[in-house]
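Grab a pencil and let's work through a few exercises together. Try each task yourself before you read its solution.

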Protein chains: 2
Amino acid sequence: MVANKKMVEAITSRDEDFAKWYTDIVKKAELADYSGVKGCMVIRPYGYAIWELMQADMDRRFKETGHENVYMPMFIPESLLQREKDHVEGFAPECAWVTVGGEEKLTERLAVRPTSETLFCEHYKKVIKTYRDLPKLYNQWCSVVRWEKTTRPFLRTSEFLWQEGHTMHATAEEAQEETLKMLKVYTDFYAETLAIPAVVGQKTEKEKFAGAEATYTIEPMMHNGVALQGGTSHYFGDGFAKSFGITYTGKDNQLHYPHQTSWGTSTRMIGALIMVHSDDDGLVLPPRIAPIQVVIIPVAHHKEGVLEKAEELRAMLAGKFRVKLDDSDHAPGWKFAEYEMKGVPVRVEIGPKDIEKNQCVVVRRDTREKAFVPLDELSAFVENLMETIRQDMYDRAAQNTKEKTFVATTHEEFIDTAKNHPGFIKAMWCGDSACEDQLKDETGGVKSRCIPFEEEHLSDVCVCCGKPAKHMVFWGKQY
Amino acid sequence: MVANKKMVEAITSRDEDFAKWYTDIVKKAELADYSGVKGCMVIRPYGYAIWELMQADMDRRFKETGHENVYMPMFIPESLLQREKDHVEGFAPECAWVTVGGEEKLTERLAVRPTSETLFCEHYKKVIKTYRDLPKLYNQWCSVVRWEKTTRPFLRTSEFLWQEGHTMHATAEEAQEETLKMLKVYTDFYAETLAIPAVVGQKTEKEKFAGAEATYTIEPMMHNGVALQGGTSHYFGDGFAKSFGITYTGKDNQLHYPHQTSWGTSTRMIGALIMVHSDDDGLVLPPRIAPIQVVIIPVAHHKEGVLEKAEELRAMLAGKFRVKLDDSDHAPGWKFAEYEMKGVPVRVEIGPKDIEKNQCVVVRRDTREKAFVPLDELSAFVENLMETIRQDMYDRAAQNTKEKTFVATTHEEFIDTAKNHPGFIKAMWCGDSACEDQLKDETGGVKSRCIPFEEEHLSDVCVCCGKPAKHMVFWGKQY
């Protein structure tokens with residue numbers, strides 16, 4: 001591969017400078033570009049194609065679980081945003097505000113939506129009358145804006161694309177069940193489609209969503225040991241319903257407040273794909289969301305019969321996979337490097353000698369393993385390989401997470417691990433946010449990721465203050 | 001049907017009050033609702049499902065013609081919007097402006113995009129270097145904002161959803177070809193998917209898009225004779241390229257300006273669906289974009305075997321169509337009216353007597369025609385019926401357009417027709433926008449719709465000023 005790599009401008013090495021390696025991949029794989037608008041990015045065709053595949057997969061999961069898509073306005077009047085106290089405190093400071101419309105100063109400022117709980121509540125107030133109207137299981141695909149000072153493509157931008165589910169239920173139990181059900185949908189999507197394992201659990205009081213009673217989170221670990229908050233699912237109880245005066249008549253003929261959830265994931269999942277799977281040759285994509293799953297590269301393609309055979313293979317695979325035949329005049333080596341940069345999971349090479357032997361060469365992007373495959377077995381071979389690649393990618397990421405997850409039972413051990421071993425730390429915690437603040441200060445940013453659903457008993461006392469422990473917590477730095 | 005209609009609250013009659021009939025359908029069919037944000041609407045699940053089906057169909061057509069989706073920022077810095085003179089004059093007056101971000105006053109105002117030519121140009125300047133980078137065939141699905149004083153759901157709202165294609169080409173010829181190709185994609189989509197015929201042609205100088213050299217338009221006629229601008233395709237020449245300094249190195253090794261197009265359609269197509277096809281019982285949807293294509297309604301569904309047979313039919317049709325079995329406790333008559341309101345193209349009724357005869361009742365929404373169909377022929381029958389319905393809907397709309405299209409060869413005839421016969425007027429025109437202004441004033445809003453590609457020679461002189469005629473123009477009022 002060395003010869004090929006020299007043919008394209010090399011990217012920064014992952015081990016040398018993780019941040020620069022990341023932005024190099026974003027740029028060289030043509031996923032996104034900076035725009036003239038501070039903090040906003042242009043999602044380029046290849047990056048957007050990945051997002052479309054993610055959307056289609058998630059949208060199917062949402063619909064299978066009974067959710068319907070809607071579209072709410074992108075503006076929130078200031079008075080509407082203020083209706084729920086904790087919520088406005090959490091979001092107002094990072095809003096973009098429209099103050100002029102059609103050349104006239106507005107009598108009330110409009111926030112460009114940072115999230116849409118308030119808009120959904122306003123609508124739910126109109127359409128929920130009786131228990132027959134429940135549950136309401138709505139989702140929205142849109143862009144939202146949260147003003148950011150320092151930004152990085154996909155990970156933190158002032159505008160980003162996302163989906164936000166907003167549901168209303170007759171009882172607290174049903175809403176809690178929904179909150180966890182959607183966390184499970186996210187976890188399955190990450191594992192099955194993105195080939196990304198993750199720690200899942202509940203956020204602490206300090207880290208939960210503004211206005212929520214409980215926030216659940218999926219926290220995959222990036223290759224360098226840093227966490228990414230990969231998706232969140234919130235249980236609101238009837239707090240918003242009370243603030244907005246949403247009631248329904250129950251079977252008992254009495255008025256009740258419905259119980260609410262919301263849950264969201266965003267284009268930062270593309271950032272996770274890069275930081276979990278990719279390497280010094282560029283992007284490595286799991287097959288299900290790869291815009292090109294198989295690239296066919298003819299070798300010595302001016303020789304008689306080569307292009308015809310390559311086209312035959314393309315036609316053979318096209319019904320089952322997203323296939324591209326690159327018959328351009330670039331040298332094969334240049335093409336190899338180009339599609340490695342783009343993370344195409346499988347490369348098929350076919351040249352005169354292969355044709356003589358009625359075979360082709362199949363190369364995996366993730367491991368560079370090479371196989372000589374009889375042409376009549378190619379389709380079945382590739383089909384199996386896709387699942388193998390996905391599983392292997394998942395397993396490697398799980399192994400990385402395992403290797404970079406540490407246990408700390410004393411304060412000293414915690415600080416030492418945080419300083420010297422990038423990754424997650426499992427440690428006991430008393431439940432007091434003062435300890436979270438202290439640990440964050442002492443470590444330069446290690447925060448509680450979540451309380452996992454299955455806690456281990458590591459010791460009896462809080463790793464910070466020594467008081468009796470309430471929970472085992474995963475700790476780590478985050479993007 | 002009379003008995004059924006009495007069971008649900010009737011909507012305003014189309015002939016009595018077209019505007020109220022329209023908003024009644026929007027509300028009763030649960031397509032959209034008003035929001036607390038002035039001029040913005042909530043697109044409800046049923047309305048959004050129609051939009052998703054439209055998107056999927058159009059997106060397939062765009063991709064088949066080589067286009068790729070991207071996402072540009074939703075904000076445009078004021079200086080960027082001002083780069084092209086005509087463009088900013090056209091759009092700045094109707095922009096919403098963000099002036100505060102993250103609690104700080106911005107040094108430069110940001111327009112919420114009313115359209116994205118300027119953002120695409122800024123990006124194209126970065127990614128177009130040589131002739132090998134051309135053409136660039138990009139499309140974007142997003143929402144845009146144009147501040148409106150008076151609004152109506154789907155037809156005119158301050159925020160609306162749309163797609164905007166933006167392409168760059170090496171030569172003027174290629175760009176012109178693209179402009180017309182995409183107009184044809186729109187025309188085909190209207191005819192094949194929406195079952196809506198339309199007049200197509202070129203906009204006059206006065207009516208063209210701000211900054212374009214030429215604007216082409218598709219103008220379907222609504223049931224009441226009023227036009228809806230259904231989609232536009234613009235040829236920009238190299239005007240924006242010059243303003244933005246976008247150049248490419250040609251095969252001749254010289255610098256050239258690329259040539260540009262843009263084209264767009266929006267959620268107002270849902271408005272067209274209502275106003276072209278629907279009737280006093282509610283929405284009438286063409287099968288391809290109907291969220292529910294077939295509704296199965298069991299009659300006397302507590303009788304033994306009825307629900308089982310209904311479920312059997314559902315399962316039989318489910319692979320081919322979007323099917324819903326309504327086994328709720330509402331009376332069949334209530335259900336009939338409900339799914340008529342929602343415009344479901346085909347209703348299948350099955351009761352004990354039908355089961356005895358091994359048949360079911362199939363009712364078309366558009367004509368109310370009823371057929372008794374043997375159960376083993378149902379799937380094939382419905383498949384044929386779908387295409388028949390689409391064709392009949394198209395033909396009826398074409399007939400309406402024909403009946404409401406008039407010819408005027410004198411000024412008096414034009415004014416008289418405009419006043420007494422709602423619809424399109426075909427009339428000759430000298431090419432002077434002063435005549436367009438005069439005719440509009442004299443008729444209370446009749447404007448030139450377009451110069452069709454195939455002009456008829458109706459007379460030698462302009463219907464307004466009597467000077468020599470240059471073109472035959474379609475005229476009419478518009479939404």
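**Exercise 1.** How much area do domain 1 of chain A and domain 3 of chain A bury between them?

*Solution.* First, a word on what you're looking at: this is a predicted model, where local features need pLDDT of at least 70 and side-chain atom pairs count only at pLDDT 80 or more, while totals for chains, interfaces and linings use all residues. Residues are numbered from 1 along each chain as its sequence is written, chains are lettered from A in the order in which they are written, and side-chain values use heavy atoms, with hydrogens and water left out.

Next, find the parts: domain 1 covers 13-277 and domain 3 covers 405-476, with bounds from an automatic or database domain assignment. Together they bury about 1400 Å², 67% of it on carbon and sulfur atoms. (Buried area is the accessible area, with a 1.4 Å probe, that two parts lose on being put together, summed over both.) In domain 1, Val199(A), Thr204(A) and Lys206(A) lose the most area to domain 3, together 34% of what that side buries.

**Exercise 2.** How many residues of each domain are in contact?

*Solution.* Look for heavy atoms within 4.5 Å. That gives 18 residues of domain 1 of chain A against 16 of domain 3 of chain A.

**Exercise 3.** How many salt bridges are there between domain 1 of chain A and domain 3 of chain A?

*Solution.* Check for a side-chain nitrogen of Lys or Arg within 4 Å of a carboxyl oxygen of Asp or Glu. The count is three. Now find Lys206(A) again: it forms a salt bridge with Asp437(A), and their closest N and O atoms are 2.8 Å apart.
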